[in-house]
Amino acid sequence: MMKNSLFAILALCLSSLAQSQTKTAGAGSQYDGINHILIAGDGEVTYFRDQDNSSFTELNFKPIFLWHISDKLFVESEVEIETGEGEASLGLEYLNMCYFVNPYLTLHAGRFLPKFGAYRGRMAEGFLNRLPTDPIGFGDGGIGASIETGIGVLGGLPIGNGRLNYDFYLSNGPHLLTDSANAGQFDYEAYIGNNKSVATGGRIGILPISDQSLEIGYSFLAKKNTSDQAAVDHASVFMQAVDFNFYHVITQIRGTIRVMGEWRHQKVGNVTYYKGVDDLGNPIDPYNLSGNSPTCYYVLGSLRLSQLSNLILRNFEIAFRYSHYQRPSDAPWAEGLGDTNRTTVGIDYWLHWNSLLKLAYQVEKNTPHGYYAQLVFGF
């Protein structure tokens with residue numbers, strides 16, 4: 001039943017797109033109502049094995065619809081069909097409507113890829129991520145959103161031989177969770193707000209080298225109140241991130257190297273709430289959110305001998321990533337988890353510029369070592 005519903009929805013979407021492109025001829029071969037449409041995206045299948053389990057896990061299909069409505073108007077949207085919870089589920093990843101003011105300024109509104117940091121909004125997609133897993137602290141249960149809902153401005157400016165890009169926005173921002181299992185953690189991807197406060201965030205990136213092989217970015221997000229006042233009256237949050245990305249062709253070894261990384265930190269306001277109540281209904285077990293300050297970071301390096309004449313060898317790429325997640329030791333949501341390190345090594349084979357096979361081995365503190373295989377086809 002679920003599968004039939006998904007196909008019906010996709011068929012309806014494609015039918016509507018086809019109708020919107022119908023040409024109406026007029027005098028002088030002029031046409032009204034023409035949209036330029038591109039469907040891109042990727043499909044992914046992942047296999048996982050450790051000492052206790054062996055399974056094909058997630059299967060994802062992520063079509064991206066791109067509409068060029070006019071020289072000023074543009075819409076981007078991604079619908080994701082995934083099986084991570086054991087059954088097919090359909091979700092709206094993002095729908096972002098853009099207005100080009102000039103080459104240096106674009107206005108946008110909707111549900112958009114995050115501008116806090118660089119990994120979740122840029123490098124986490126299947127055919128961009130060199131490894132089949134996320135660095136710890138950057139996926140679900142980590143720091144920061146993978147999607148934001150709000151409005152923003154973005155653009156870029158030349159600075160001498162370099163370039164500066166910027167992205168500032170207002171969004172719903174994170175919602176504080178106060179149930180006993182997740183107290184002090186956040187829901188980062190809410191479709192609607194939970195109070196009258198909105199988050200202010202943004203990122204500034206600098207490409208100081210003329211060939212734009214290096215980018216250094218700084219991000220922030222601040223929200224005065226993340227609570228719905230049910231258990232906590234008022235709880236602010238402030239997050240910061242620093243990222244870098246270096247890509248260079250080394251002619252001596254006839255290959256390309258990429259080195260990238262990111263650091264994130266989160267600070268919650270000085271607020272006390274109570275984890276439970278006693279038999280008389282009085283609050284007990286106070287917890288102060290000011291100690292809720294997790295930090296995470298990762299560093300990744302990859303090498304591909306892409307300039308070799310051998311058609312087989314030049315399609316291989318090796319990658320190494322180290323990531324660390326420091327959780328607040330006394331927060332209920334982090335109880336028993338503590339600091340965690342994750343080391344992942346992998347080898348990729350590029351079938352096309354946007355399609356590849358990934359093989360990886362991952363070691364993580366207090367977790368069985370695991371083997372991964374992932375196939376990604378971009379389109």
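Trainee: Before we start, what should I know about the model and its numbering?

Mentor: Residues are numbered from 1 along each chain as its sequence is written. The model is predicted, local features need pLDDT of at least 70, side-chain atom pairs count only at pLDDT 80 or more, and totals for chains, interfaces and linings use all residues, while side-chain values use heavy atoms, with hydrogens and water left out.

Trainee: How many cavities of 30 Å³ or more does a search of the whole structure find?

Mentor: Rolling a probe the size of a water molecule over the atoms shows where empty space is left. On a 1 Å grid over the protein atoms alone, a cavity is a set of points where a 1.4 Å probe fits but cannot get out, whereas a pocket is an open set with protein on both sides within 12 Å along at least five of seven lines; lining residues have an atom within 4 Å of a point. Grid points are joined across faces, edges and corners, and a volume is the space filled by probe spheres set on the points. Here the search finds two such cavities.

Trainee: What lines the largest cavity?

Mentor: Its volume is about 70 Å³, and its lining includes Tyr-119, Met-123, Arg-130, Arg-258, Tyr-298 and Arg-321. Two or more lining residues come from each of α2, β13 (255-268) and β16 (295-304); helices (H or I, at least four residues) and strands (E, at least two) are DSSP runs, numbered from the N terminus. By class, the lining has six nonpolar, one polar and three charged residues, where Ala, Val, Leu, Ile, Met, Phe, Trp, Tyr, Cys and Pro count as nonpolar, Asp, Glu, Lys and Arg as charged, and the others, Gly among them, as polar.

Trainee: And which residues line the second largest cavity?

Mentor: That space of about 30 Å³ is lined by Arg-111, Ile-147, Glu-148, Thr-149, Asn-172, Gly-173, Tyr-188, Glu-189 and Ala-190. The classes come to three nonpolar, three polar and three charged.

Trainee: Now the second largest pocket: which residues lie nearest its centre?

Mentor: Glu-76, Leu-113, Lys-115, Gly-121 and Arg-122 do, out of 26 lining residues. The pocket holds about 660 Å³ of space. Strand β4 gives the largest share of the lining, four residues, and the lining as a whole has 13 nonpolar, six polar and seven charged residues.

Trainee: Let's turn to salt bridges. How many are there?

Mentor: Side chains of opposite charge can pair when their charged atoms come close. With a salt bridge taken as a side-chain nitrogen of Lys or Arg within 4 Å of a carboxyl oxygen of Asp or Glu, the count is eleven. In one of them, Glu-44 meets Lys-62 at 2.9 Å, N to O. Glu-44 is in strand β1 (residues 36-49) and Lys-62 in strand β2 (residues 54-68), so this pair ties together parts 18 residues apart in sequence.

Trainee: Are Glu-44 and Lys-62 buried or exposed?

Mentor: Both are buried, that is, under 20% relative accessible area, with exposed over 50% and partly exposed in between (1.4 Å probe, protein chains only).

Trainee: Which residue forms a salt bridge with Arg-122?

Mentor: Glu-215 does, with the closest N and O atoms 2.7 Å apart. Glu-215 in strand β11 (residues 214-223) and Arg-122 in helix α2 are 93 residues apart. Glu-215 is buried at 9% relative accessible area, while Arg-122 is partly exposed at 35%. A network of salt bridges links Arg-122, Arg-203, Glu-215 and Asp-243.
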